[in-house]
Amino acid sequence: MNKSLLNLTDALGINARRLPVAVLAAVCAFVISGCDSPKPIERNATEFDLVKTDDANEDIGTYILPQDTSILLEPNADQIFYGKRLLNETKRLLPEYVGAQMNCNSCHISQGKIPLGDPYINSFNTYPRVMPRAEKMVDLAGRINGCFQRSMNGKPLPKESDEMKAILAYMEWLAQKTSKNNMVDISNAGKVDESLVGDPVRGEVIYHVQCATCHGNNGEGIKDSRGDIVFPPLWGDESFNIGAGMARTYKAAAFVKYNMPMGIQTKGLWGHGNVLSDQDAVDVSEFFTHQPRPDFPGKVNDWPTGKKPKDARY
Amino acid sequence: MRKWPLTIGILGVGGLALAFTLGQVLPHLRTTTSAIEVNINDPELIKKGEYVARTADCVACHTTLGGADFAGGLPMLTPLGAIYSTNITPDKETGIGSYTFDDFNNATKHGVRQDNSALYPAMPYPSYQIMPDEDMAAMYAYFMSGVKAVKQENKPSEMPPILNWRWPLAYWQAIFAPEREFVAETDDAVLARGQYLIEGPGHCGSCHTERGIGFQEIALSNADSEEFLSGAVIDGWRAKSLRGEHDGLAIWSTAELVDFFKTGRTDITAAFGAMAEVVEHSTQYMTEDDLYAMSAYLKTLSPKPGEPVTVPAKVDVTTQKLMDGDYDSRGAILYAEYCQVCHRADGKGVPRIFPALEGNSAVYSRDADSVLQITLSGGRMPNTKHDRMAFTMPEFINLSDADVAEVVNYIRNSWTNQGSTVDVDDVVQMRHFLSKKPKTGTDVAPDLSVPAAEKRSQM
């Protein structure tokens, strides 16, 4: 009996007489390892490089993506929060200006804070600028109204309204005092290979596997119990009109590839995107963009000198 | 005086040796031999065994993320170090290929290995021990003939020396897992079947019953005590109470339970964490009859003693405030920024896509571990053939610990929810725990490709 015990302890390299010491050591090791008390950590804020608009290579500092709680520090906090809410719930709060079942942030992922997800981060400093579609100077309010009339199939919001001022205030806050001749080094949209030709038949198969759960078998979207939009309709009378960027195959594909679906990744604020190949994205976009949708009467003024992109709808 | 240490030493060594010897004998008292001749090539028996193995969810613990089915290697973190599940494929050298039916039966039901040493109670043999030998025979046929042999050595445990001795486990078994037969609570065949599945192969108590000082489940059946299935914390998840109180299954209907076991979701909630694994690997494959039997049985369990069946009515003022932009706390601002787009102003989410936070018993349940863990690490619903897509919750790992506490407290106490509150230290502890926890299948994003969808629909 003793022999087998000693064999065992010998095998373990432990002297049987020192068992209590060994046990004590093991317990101590456990207690110590269980007692390294970690400290609370602060927010790990997303940071992007700042660059000069005329020299993208010059390193001039860092942009820190703000959290909404810091809006409270601003003198016009109420206005900024109002702007944020208007962007999130445009249809519910501004029904007379929004024709479609869409909100600004249906396309601007996570309140315009995500690169490749149509962020507003640089918007305040980018406008006014010459828009390729209008071929003339457009200011930020004018650009926002482009969305109201096209993507949201509605009416322009008066530039002097409290609502437009609030939306601009949110975008100004999001710019975080980045100076006018600097910009945050991010892309607003991702890239897809525009030489690919979309196959709408294959696109429809992908649509039913990966999109229809939220956007509906007939593209009708989903509303909540109050009738407010959760997932916007992708075609039909309540969707964006043909003047919207999202109605163009390659613009839609670039959005879909990097941002859709949501709630399918464990990373990213919406857990979104990055499951489709370029071809998948072009196919599914070819399918849904070309479904029936409202016309856009203002289309006659677009690309006045004829420099139309190849996926323009008119 | 000088002789005392020597005497104590001799007595100690002698006592230890006696204990060790008895420890060698104890397993022999547990093992059984069976007269059953198992035809491991009988296709019907193999098929039956596959179903029994599904109900017992063997694959969940005996497979690693990305590893071969049943080849083992999954770490189970204990306070004393990790132990690893073993290779139960029919490989003769590294698996259980050399096991006779009796060896298999004794390991599975009695926790005694082929070499007569005791298994760690991480293996739920105290539950499995009520399974009939006929079912074990079917399972044996499946493991010998229906499972692909994989050559993969078992990993040694990381328990420190002495604490990794196996013979003391024989005493654990003698004290905490004595011989037990299944005793039906009623004559109702459906309820009895449900009770058997819950108590036996389903080993629900492994997670949902509190453990005692010896790491034993404090009740193995409802007859033992009303602590059975009354909720516990395991792997940083609150495995909720399955009894009749408000925090338990009071607000669940039998039909909702069936839907949950089958699809991993209802209109209100979704399985996450360890339960998502259970649905994905086990319950989604069970027959409608068995799912109904389990659900109906669970609904017969009385409330945990001292716990209320209902809570005082509370008026929802949260929804209107969020809709009006009346952010009355830091938690509200955080909710509006990070959570509201999916879980909505009314906290009701979107049925079968985004789970509700309002009126969801997993959210307001007694402690906040599950809410803390899923907020920090995200997760995904189980994949089943019943829904086209399995959705995820993204990790909010970049939030400060203080803000996670704010938003979790907000969620657990908004709308009509009435939960306890957490403090920053709870978040710190959970984040620390998660930094060491291995990833599982439902921690990673689902495969959304068209071929994967086709495969799923054929399951």
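Me: What should I know about the numbering and about which residues count?
Reply: Residues are numbered from 1 along each chain as its sequence is written, while chains are lettered from A and ligands numbered from 1 in the order in which they are written. The model is predicted, and local features need pLDDT of at least 70, side-chain atom pairs count only at pLDDT 80 or more, and totals for chains, interfaces and linings use all residues.

Me: What is the mean pLDDT of chain A?
Reply: pLDDT is the predictor's confidence in each residue, from 0 to 100. Chain A has a mean of 88, with 89% of its residues at 70 or more. Chain B averages 92, and 98% of its residues score at least 70. For the model, ipTM is 0.88 and pTM is 0.89.

Me: Where does pLDDT stay under 50 in chain A?
Reply: That is the stretch of residues 1–26 of chain A. The model has 25 contacts for this stretch beyond four places in sequence. Two residues are in contact if their C-beta atoms, placed from the backbone, lie within 7 Å.

Me: How many residues of chain A are in contact with chain B?
Reply: 46 residues of chain A are in contact with 49 residues of chain B. Helices (H or I, at least four residues) and strands (E, at least two) are DSSP runs, numbered from the N terminus. Elements giving two or more residues to the chain A side include α1 (2–11), α3 (77–88) and α9 (200–210) of chain A. α2(A) gives the most, with five residues. For the classes, Ala, Val, Leu, Ile, Met, Phe, Trp, Tyr, Cys and Pro count as nonpolar, Asp, Glu, Lys and Arg as charged, and the others, Gly among them, as polar. The side of chain A that touches chain B has 25 nonpolar, 13 polar and eight charged residues.

Me: Which domains does the assignment give for chain B?
Reply: Domain bounds come from an automatic or database domain assignment. For chain B it gives domain 1 (32–147), domain 2 (189–298) and domain 3 (318–457). The C-alpha centres of domain 2 and domain 3 of chain B are 21 Å apart. The contact joins 25 residues of domain 2 of chain B to 30 residues of domain 3 of chain B. On the domain 2 side, α11(B) has the largest share, five residues. That side divides into nine nonpolar, seven polar and nine charged residues.

Me: At what angle do helices α8 and α12 of chain B pack?
Reply: Axes are lines fitted to C-alpha atoms, for helices over the stretch in contact, and angles run from 0 to 180 degrees between N-to-C directions. Helix α8 (residues 189–199) and helix α12 (residues 288–298) of chain B pack at about 90 degrees, with axes 7 Å apart. They are therefore roughly perpendicular (under 35 degrees is roughly parallel, over 145 roughly antiparallel, 65 to 115 roughly perpendicular and the rest oblique). Among the residues that meet are B:Leu191 in α8(B) and B:Met294 in α12(B). By class, this contact has nine nonpolar, two polar and two charged residues.

Me: Why does B:Phe182 count as partly exposed?
Reply: A residue is buried if 20 or more other C-beta atoms lie within 10 Å of its own, exposed if 12 or fewer, and partly exposed in between, with C-beta atoms placed from the backbone. B:Phe182 has 14 C-beta neighbours inside 10 Å, so it counts as partly exposed. B:Phe182 is in the loop between α7 (167–176) and α8 of chain B. Beyond four places in sequence, B:Phe182 touches B:Ile130, B:Tyr196 and B:Gly200.
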